[in-house]
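Below is a short briefing on one protein model. Please look over the sequence and the fold, then read the points by topic.

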Amino acid sequence: MTMPPRKPSKPLLGEADTPLRSRTRRRRDPAQPNLPLDPMPARVEPCLALLKAKPPKGDDWVFEIKWDGYRLAVHIEPLGVRILTRGGHDWTDRFPAIAAEAKRLPVSTAILDGEAVVFDELGRSDFGRLQQSLGGRGGKRTSREAILLVFDLLYFDGHDLTGIELNARRHLLEGLVPAGGEEAIRLSEEIEADGDTLFRIACEHGLEGIIAKDRNSTYRGGRGGEWQKIKCIQSDGFAIIGYEKSTASFGGIGRLLLAARKGGQLVYVGGVGTGFNERSAAELREQMDKLIISKPTVDTGRKRNAVFVRPELIAEIEYRSWTHDSKLRHASYKGLREAQDSAAVYRL
């Protein structure tokens with residue numbers, strides 16, 4: 001038996017003269033997970049490494065080389081790139097190569113945490129060369145030599161990553177900045193190794209030291225101990241309180257007079273007469289001559305041919321150890337720290 005054709009329950013497009021209407025949207029189920037975008041922070045307080053004498057033990061720790069440069073946060077935003085110093089100052093214009101490379105990364109929004117460095121001939125980060133590439137302390141030159149060694153990812157494509165563990169942040173970072181790059185932004189690679197062995201090798205190769213990080217830690221500003229630094233050679237900031245004149249030395253500087261903090265005051269910790277070249281000594285002398293005072297702010301004992309200055313300049317000093325009377329041993333001048341880099345005077 002032939003069946004009559006089935007009459008459709010609803011016309012496909014409705015009547016020709018009836019306006020088309022979309023289906024009424026159902027109200028969102030409150031139990032349904034909601035994944036809003038996190039607002040991008042204007043600045044993230046950097047996580048700082050706590051100084052330790054020896055590398056930590058255990059499987060929870062991963063290691064990196066300690067780089068000697070300027071800590072930077074690179075903010076990649078829809079309207080461009082911002083490069084902030086550790087203290088929150090905008091230095092985008094001073095690192096044009098890093099800024100240009102950040103714009104080429106395959107991401108719409110991100111915050112990269114890393115260290116701007118300049119390498120020497122042996123591939124070691126050299127703070128003095130970085131400073132010279134920027135025109136010295138207070139200089140306004142741009143550095144096209146500096147590269148960013150990035151070691152953390154704090155924000156990624158609309159999501160704040162500071163609350164998740166380091167392992168997950170590194171996994172995302174390595175997808176964004178692959179290992180082995182030769183561009184202005186490169187990955188600071190993690191090294192799965194015994195901490196004591198790695199530290200020994202780093203020191204044998206003349207590196208500054210290593211960084212240990214708890215692989216399960218979230219990202220917190222300040223020195224909470226989740227990151228630790230172990231140095232081959234001590235290097236800290238000391239206030240310059242004067243210098244001894246010399247006709248035979250670069251810039252006429254025979255020896256810088258240095259001070260550290262003890263309680264609420266500065267105390268004399270000795271001097272440094274090595275580490276200068278003609279250019280760095282001339283720049284330093286120019287800075288100090290603007291700060292000359294008639295009497296020392298700190299008791300330095302009797303000094304011949306000494307010129308005293310207001311303690312406004314902070315020198316990065318490399319040294320081996322301390323004497324029994326709290327003076328620096330085997331000290332060498334590395335450069336002047338910038339206020340924008342949150343330079344701090346060493347505390348005894």
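**Disulfide**

Cys-203 and Cys-232 form a disulfide, with 2.1 Å between their sulfur atoms. A disulfide here is a pair of cysteine sulfur atoms within 2.5 Å. This is a predicted model: local features need pLDDT of at least 70, side-chain atom pairs count only at pLDDT 80 or more, and totals for chains, interfaces and linings use all residues. Residues are numbered from 1 along each chain as its sequence is written, and side-chain values use heavy atoms, with hydrogens and water left out.

- A search of the whole structure finds one disulfide.
- Cys-203 lies in helix H4 (residues 195–204) and Cys-232 in the loop between S10 and strand S11 (234–245), so the pair ties together parts that are 29 residues apart in sequence.
- Helices (H or I, at least four residues) and strands (E, at least two) are DSSP runs, numbered from the N terminus.
- The torsion about the S-S bond of Cys-203 and Cys-232 is about -95 degrees, so this disulfide is left-handed.
- Cys-203 is partly exposed, at 30% relative accessibility. Cys-232 is also partly exposed, at 23%.
- Buried means under 20% relative accessible area, exposed over 50%, and partly exposed in between (1.4 Å probe, protein chains only).
- Cys-47 counts as buried, at 1% relative accessibility.

**Overall make-up**

- The protein has five helices and 19 strands.
- Of its 348 residues, 45% count as buried.
- The accessible surface of the protein is about 19500 Å², and carbon and sulfur atoms hold 50% of it. Areas come from the Shrake-Rupley method with a 1.4 Å probe; for residues, only the protein chains shown count as cover.
- Take the contacts between residues at least 6 apart in sequence: 68% of them join residues at least 24 apart. Contact means heavy atoms within 4.5 Å.

**Nonpolar cores**

- The largest nonpolar core has 32 residues. Val-74, Ile-76, Phe-95, Ile-98, Leu-112 and Ile-185 touch the most other members.
- Elements that give two or more residues to this core include strand S3 (70–77), strand S4 (80–85), helix H1 (96–104) and strand S5 (110–117). Helix H2 (127–133), strand S6 (147–156), helix H3 (166–176) and strand S8 (185–187) are also among them.
- A second, separate core of 24 residues includes Ile-240, Tyr-243, Leu-256 and Ala-331.
- A nonpolar core is a set of buried Ala, Val, Leu, Ile, Met, Phe, Trp, Tyr and Cys residues joined through side-chain atoms within 4.5 Å.
- Beyond four places in sequence, Ile-185 touches Ile-98, Glu-101, Ala-102, Leu-105, Leu-112, Leu-148, Val-150 and Val-177.
- Glu-101 is found in helix H1 and counts as buried, at 9% relative accessibility. Not counting residues up to four places away, Glu-101 touches Glu-183, Ala-184 and Ile-185.

**Helix H3**

- Leu-166, Arg-169, Arg-170, Leu-173 and Leu-176 are the buried residues of H3.
- Seen down the axis of H3, its buried residues fall within an arc of 120 degrees, so they line one face of the helix. The arc is that of the directions from the helix axis to the C-beta atoms.
- His-171 and Gly-175 are exposed on the other side of H3.
- The buried residues of H3 pack against strand S2 (61–65), S5, S6, S8, strand S9 (209–214) and strand S10 (227–231).

**An open sheet**

- Four strands form an open sheet in the order S1-S10-S9-S2, with mixed pairing. Two strands pair if DSSP finds at least two bridges between them.
- Strand S1 (50–51) and S2 stand at the edges, each with a single partner strand, so one side of each is left without a neighbour in the sheet.
- S1 and S10 pair in the parallel sense over two bridges. Leu-50 has Gln-228 as its bridge partner in S10.

**Around strand S15**

- Ala-306 lies in strand S15 (residues 306–309) and is partly exposed, with a relative accessible area of 23%.
- Leaving aside neighbours within four places, Ala-306 is in contact with Tyr-243, Glu-244 and Leu-257.
- Ala-306 and Ile-253 are 53 residues apart in sequence and 9.9 Å apart in space, C-alpha to C-alpha.
- Thr-300 sits in the loop between strand S14 (292–293) and S15. Thr-300 counts as buried, at 7% relative accessibility.
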